[in-house]
Amino acid sequence: MVREARLDPEVEVLWEDFHAEVNVPSEQLRTWLLTRGSGENSFGPNPNLDLPQPGREILKVLNKRKVDLTPEDIEVMREAVERIRELMDAKPSRGNADDTWRHSLLDLGHDPLVER
């Protein structure tokens, strides 16, 4: 019989917050990051390892089960949620038409055009 390991309640809440804020599916995020990192001198020999930060770390967390989280993953989730919320609170007057703002959110796995 397989039993799920118990997690700290704060980690449970963070997991839910992270998956609410990071609203882009992992494959879509990977495609976006590859697009962002595809400048003339951006790619090394392994595109999976050359994805831009912090998106690369967010993508790793998206591909994990909750019980497999490391302390580093928890910090990635905490920082992602915090940064996404900061950017959403600082929505520019042009809103979604502001490409710099929207791209900053997309780099974190959040698309402001996706309705909640």
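The model is predicted: local features need pLDDT of at least 70, side-chain atom pairs count only at pLDDT 80 or more, and totals for chains, interfaces and linings use all residues. Residues are numbered from 1 along each chain as its sequence is written, and side-chain values use heavy atoms, without hydrogens or water.

The chain has 5 helices and 0 strands. Helices (H or I, at least four residues) and strands (E, at least two) are DSSP runs, numbered from the N terminus. Of the 116 residues, 35% count as buried. Buried means under 20% relative accessible area, with a 1.4 Å probe and protein chains only.

The largest nonpolar core has 25 residues. Such a core is a set of buried Ala, Val, Leu, Ile, Met, Phe, Trp, Tyr and Cys residues joined through side-chain atoms within 4.5 Å. Phe 18, Leu 29, Ile 58, Leu 69 and Met 77 have the most contacts inside this core. Two or more residues come from each of H1 (9–21), H2 (26–36), H3 (55–62), H4 (71–89) and H5 (99–107). H4 gives the most, with 7 residues.

In H3, Gly 55, Ile 58, Leu 59, Val 61 and Leu 62 are buried. They lie on the same side of H3, because they cover an arc of only 160° around the axis. The arc is taken from the directions from the helix axis to the C-beta atoms. The buried residues of H3 pack against H1, H2, H4 and H5. Beyond its neighbours within four places in sequence, Ile 58 is in contact (heavy atoms within 4.5 Å) with Phe 18, Val 22, Leu 29, Val 76, Ala 80 and Leu 108.

How values were computed
Buried means under 20% relative accessible area, exposed over 50%, partly exposed in between (1.4 Å probe, protein chains only).
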